[in-house]
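Please keep the sequence and the model in view while reading.

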Amino acid sequence: MAKIKKVKTAVVGCGMISEIYLKNMTSAFQILDVVGCCDIIKERMEKRAAQFNIKQMSIEEILADKSIELVLNITDPVNHHLVSTQVLNAGKNLYSEKPIDLSIDAARELVQLADKKGVLYGNAPDTFMGQAIQTARFYIDSGLIGDVTSVTALLNRDAGFLAEKFPFTMGPGGGIGLDVGVYYVTAMLSILGPVKQVCGFVTTNKPDRMHYFPDKEDFGQKYKLQAENLVAGSCQFASGAFGTIMFNSASIGPEAPQIIMYGTEGILYMPDPNRFGGEVKVILKGQHEQVALPPTHAFNENHRGIGPAELAWALRKNRKPRTSKEMAFHGLELLLGLYQSSGTKKFYEMTSTFQRPAPIPRGYLYAGCSPESGIAI
């Protein structure tokens, strides 16, 4: 059997999240050959390049290098559109952090541009390919809880505390919906498929704030929270199931995340979709207590980077990536549809759809293998 050629990859954006991406992409996934990184802040680029023994590059160098087939865009949300457009126009395959973009029209432009250029375009989050959500999907697809008739997704955070630790959460793309709720939405979509219509309420509770960490230079300064911190809504899936969403960062930590799927034969409880692992539990008809289900898949650690790796395999196998641009666009439209519904006080009819991604192969778990084994994802 011919040896699979590695996919030369470059990373644009060397902020905090880049460390776990680069750690996994340079060691855990043999399909990737990470050759360079880029950042507008030189010190961050120098640090990551030295840390992972890769080349410091400008965006122009990355786009001009014909050997680089895949670019990972992990810039801040407001720069996603600019960088993604540059990458796609250069005819390179793209994997981008979430959200795909900050507006439906801008995201649609990127999807259409990728189609025009004939390149692959994947989008975070990739946690739905982890052990927990894949295990939940396996049991739901097997009919364990019968037909899924409804699902609830609940998330709490403290937006004020997060603004002190992660300033980008104050601005566009950093709110509870687009920054975190997208993990919950993607988990539901990957299992239940597309949504037909949504309605919702969205607001920013107490936008006028004051920095309260006394060891920081901005202590005591006033600021305005520009991002949403309360999102509530309902959706109807094409399958007929109903969904309820409550994302609240006008609350406290620690988080108490929940996704609960209600079926005709049982109820399935999923762990935090912002993580790859966690225990999946179920109550079946006639039972009275939750029981833990045996995991059916691998990837239960922090395997961020599995998204670019899976896209690289899709490139080599001439298929669509599981983190498809169509599912990412649909998830963004769902969230922004809630926002539009909140403003118009009307239902929002979804304009997009997607094909539910294939499950991850179970070979890693069966063979007792690690990602380093090189099994195709």
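Two strands are said to pair if DSSP finds at least two bridges between them. The model discussed here is a predicted one. In it, strand β8, covering residues 195–203, pairs with strand β11, covering residues 230–237, in the antiparallel sense, and eight bridges join them. Within this pairing, Val202 stands opposite Val231 of β11. Helix α10 packs on the sheet here, touching β8, β11, β12 (242–248) and β17, and its direction makes about 50° with that of β8.

What is the order of the strands in the open sheet of nine? The order reads β16-β15-β14-β13-β7-β12-β11-β8-β17, and the pairing is mixed. At the edges lie β16 (291–292) and β17 (348–349), each of which pairs on one side only.

Another helix, α6, lies across β7 (148–156), β13 (258–263) and β14 (266–270), and runs at about 170° to β14. Gln134 is a residue of helix α6. Is Gln134 buried or exposed? The residue counts as buried because its relative accessibility is 3%, and the cut-off for buried is under 20%. Neighbours within four places in sequence aside, Gln134 is in contact with Phe128, Met129, Thr296, His297, Pro359 and Ile360.

Lys98 and Pro99 are joined by a cis peptide bond, with omega of about -5°. Pro99 belongs to the loop between β5 (93–96) and α5 (104–117). A cis peptide bond also leads from Ala124 to Pro125, where omega is near 5°. Pro125 is located in the loop between β6 (121–123) and α6 (131–141), and α6 is the helix that holds Gln134.

Asn53 is a residue other than glycine with a positive phi, near 55°. It is placed in the loop between α2 (42–52) and β3 (55–56). Asn53 counts as exposed because its relative accessibility is 71%, and exposed requires over 50%. Asn318, likewise not a glycine, has a positive phi near 60°. The loop that contains Asn318 runs between α9 (306–317) and α10 (325–344), and α10 is the helix that touches β8, β11, β12 and β17. With a relative accessible area of 73%, Asn318 is exposed.

Tyr212 is situated in the loop between β9 (208–210) and β10 (222–224). Its relative accessible area of 40% makes Tyr212 partly exposed.

Notes. Residues are numbered from 1 along each chain as its sequence is written. This is a predicted model: local features need pLDDT of at least 70, side-chain atom pairs count only at pLDDT 80 or more; totals for chains, interfaces and linings use all residues. Side-chain values use heavy atoms; hydrogens and water are left out. Helices (H or I, at least four residues) and strands (E, at least two) are DSSP runs, numbered from the N terminus. Buried means under 20% relative accessible area, exposed over 50%, partly exposed in between (1.4 Å probe, protein chains only). Contact means heavy atoms within 4.5 Å. Axes are lines fitted to C-alpha atoms, for helices over the stretch in contact, and angles run from 0 to 180 degrees between N-to-C directions.
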